[in-house]
Amino acid sequence: MWSVNTGRVLDARLGYFINPLRSVLLGYAVLQERPRPLQWAALALAAGGVLWLAWQGQGHFGRPPLIDSLWLLLAGPVTAVPLLLFAAGARRVSLATVGLLQYGSPSIQFVLAVFLYKEPFSTGRSIGFVLIRAALALYSAESLRVLRHKRRAAAAAAATAAAA
């Protein structure tokens, strides 16, 4: 909310870009999830985009006024229901997938910042954005490929079992 009021929505996206990478790394380190090679490539692209955006050095937020801080604290409970629903859904997929799905929020922020609030969108920011979008496309394509392969294998197994 503070970033909207101060015209810094594009800068606020950086944290949203970092969090999914952290989720994927936690899934790897703690839950022993093992991304496939193309997923690693997608993660590297996303990390490159995040590093590029961080290097651009325009994330000086300052300190919001006290009343804004109080409103932010009061707004927290409003997010409880969506977070509980997200947690319920997150149990059904891998942590790596959850991590990459979290890029939806900064995508919405991007659209709002550039098209609704008319924030400037520099070439430097576009490089990071393109890297992250390429990572999401690669990850999604690879996940769809694996899903199709699993479905074909299950159908073939069912057909073999029915024939026997």
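User: Where is the place of lysine 118?

Analyst: The model is a predicted one. Helix H7 covers residues 104-116, and lysine 118 falls between that helix and H8. The place of lysine 118 is therefore given as the loop between H7 and H8.

User: Does lysine 118 count as buried or exposed?

Analyst: A residue is called exposed when its relative accessible area is over 50%. Lysine 118 has a relative accessibility of 62%, so this residue counts as exposed. Its backbone also has a positive phi in a residue other than glycine, near 55°. As to accessibility, the class of lysine 118 is exposed.

User: Which value is phi of glutamine 32 near?

Analyst: Glutamine 32 belongs to the loop that joins helix H2 (9-29) and H3. At 47% relative accessibility, this glutamine counts as partly exposed. Its phi is positive although the residue is not glycine, and the value is near 60°.

User: With which residues is glycine 124 in contact, leaving aside its neighbours within four places in sequence?

Analyst: Glycine 124 is part of helix H8, which spans residues 123-163. Its relative accessibility is 13%, and because buried means under 20%, glycine 124 counts as buried. Between glycine 124 and glutamine 56 there are 68 residues of separation in sequence, yet the C-alpha atoms are 6.9 Å apart. With neighbours within four places in sequence left aside, the contacts of glycine 124 are Trp52 and Gln56.

User: How far apart in space are alanine 135 and alanine 47, C-alpha to C-alpha?

Analyst: Alanine 135 also lies in helix H8, and with a relative accessible area of 2% it is buried. Beyond its neighbours within four places in sequence, alanine 135 is in contact with Ala42, Leu45 and Ala46. Alanine 135 and alanine 47 are 88 residues apart in sequence, and their C-alpha to C-alpha distance in space is 9.0 Å.

User: Are H3 and H8 roughly parallel or roughly antiparallel to each other?

Analyst: Two packed helices are described by the angle between their axes and the distance between the axes. For helix H3 (residues 37-55) and H8, the axes come within 8 Å and cross at roughly 165°. Angles over 145 degrees count as roughly antiparallel. H3 and H8 are therefore roughly antiparallel.

User: What is the handedness of the crossing of H3 and H8, left-handed or right-handed?

Analyst: The crossing in question is that of two axes at roughly 165°. For H3 and H8 the crossing is left-handed.

User: How many residues of the contact of H3 with H8 are nonpolar?

Analyst: On the H3 side the contact includes Leu38, Ala42, Leu45 and Trp52, and on the H8 side Gly124, Ile127, Leu131 and Ala135 are among the residues involved. In this contact, 6 residues are polar and 2 are charged, while the nonpolar residues number 15.

User: How many helices are there in the protein chain?

Analyst: From the N terminus on, the elements run α-α-α-α-α-α-α-α. The chain has 0 strands, and its helices number 8.

User: Among contacts between residues at least 6 apart in sequence, what percentage joins residues at least 24 apart?

Analyst: Of the 164 residues of the protein chain, 27% count as buried. The chain exposes about 10,600 Å², of which carbon and sulfur atoms supply 71%. Among the contacts between residues at least 6 apart in sequence, the share joining residues at least 24 apart is 87%.

How values were computed:
Residues numbered from 1 in each chain as written. Predicted model: local features only at pLDDT ≥ 70, side-chain atom pairs only at ≥ 80, totals over all residues. Heavy atoms only, no water. Helix = DSSP H or I, 4+ residues; strand = E, 2+ residues; numbered from the N terminus. Buried < 20%, exposed > 50% of the residue type's maximum accessible area, 1.4 Å probe, protein only. Contact = heavy atoms within 4.5 Å. Axes fitted to C-alpha atoms, helices over the stretch in contact; angles between N-to-C directions. Parallel < 35°, antiparallel > 145°, perpendicular 65-115°, else oblique. Left-handed = near helix turned anticlockwise from the far one by under 90°. Nonpolar A, V, L, I, M, F, W, Y, C, P; charged D, E, K, R; others polar. Areas by Shrake-Rupley, 256 points an atom, 1.4 Å probe, with all protein chains shown as cover.
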